[in-house]
Amino acid sequence: MKIYISADIEGVTGITDWGEADKSHADNAEFRERMTAEVAVACEAAAAAGATEILVKDAHWTGRNLLAERLPRPAQLLRGWSGHPYSMVQGLDRSFDAALFIGWHSGGSRGGNPLAHTLSSSGLMGIRVNGEWLSEFRLHAWAAALEGVPVACVSGDEALCDEVRAFDETIVTTPVARGFGAATLALHPADARDAIRDGVRRALHRPLRARAAVLPPHFDVQVVRKDARDAYRRAFYPGARLVDPMTVGYETDDWFEVLRLLQFVTG
Ligand SMILES: [Zn+2]
């Protein structure tokens, strides 16, 4: 069995403030270690379930957060950003049996986590697709679906886990924290690791419960920026248009074309 793990930090147990997610800030060290520990137990559980290959994508900010020495073998670590439109699941292809999203968070304009955002917390209000606010979860679950790979387990904040279950009840979720306003209430880190270990074990228990997502036939995308100057310039992306002073619009039947667009209009 070949497993893909995408790791973020804003859905790691107890994280509450942007300084804790920022490598240049002293508060980050504790949460970088916690992120690594949560990914490590996911790797251990995947290996125990029969994974012989595990690719871990460090998918937060610089893509250089996880402490490789603390991940168990046979995990391999993909660091940094190639610029491939698959973004937080780059390197994922049809050869993988399942994907796991560890430390993920609620989407921009969705709340449920003080650090909720989609792709860019500084430049974007959020992204709407077919009238609904898009989370990084849905964005990348659909990217995985392009490769026929199911997302089997997601850990992160409660609001995200609620969204994941509504998206597909066969995906195992392990909520580790609840956000309200600028505050969080979180599991003890050891309890969170136990929950993630158990979630991955249940998710990968054969036969795999989760199936690859079904892609909608059409995508009406609105990228809502925080600054009208940024929206104006990005609306010149081929096929895009300015819907209103803050919003870049784009329509297609091909999710890969949306992923390509997002590489150029969200930064
Ligand atoms: Zn992140």
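Reader: Which residue is the bridge partner of Phe180 in E9?

Author: Two strands pair if DSSP finds at least two bridges between them, and strands (E, at least two residues) and helices (H or I, at least four) are DSSP runs, numbered from the N terminus. Here the bridge partner of Phe180 is Ala183 in E9, and strand E8 (residues 172-180) pairs with E9 in the antiparallel sense over four bridges. This is a predicted model, in which local features need pLDDT of at least 70, side-chain atom pairs count only at pLDDT 80 or more, and totals for chains, interfaces and linings use all residues. Residues are numbered from 1 along each chain as its sequence is written.

Reader: Which helix packs on the sheet, touching E1, E4 and E7?

Author: Contact between two residues requires that their C-beta atoms, placed from the backbone, lie within 7 Å; axes are lines fitted to C-alpha atoms, for helices over the stretch in contact, and angles run from 0 to 180 degrees between N-to-C directions. Helix H2 (residues 136-146) touches strand E1 (2-7), strand E4 (98-104) and strand E7 (151-157), and its direction makes about 165° with that of E4. Helix H3 (residues 158-167) lies across E4, E7 and E8, at about 155° to E7.

Reader: In what order do the seven strands of the open sheet stand?

Author: The order is E3-E2-E1-E4-E7-E8-E9, with mixed pairing. Strands E3 (75-78) and E9 (183-186) are at the edges with a single partner strand each, so one side of each has no neighbour in the sheet.
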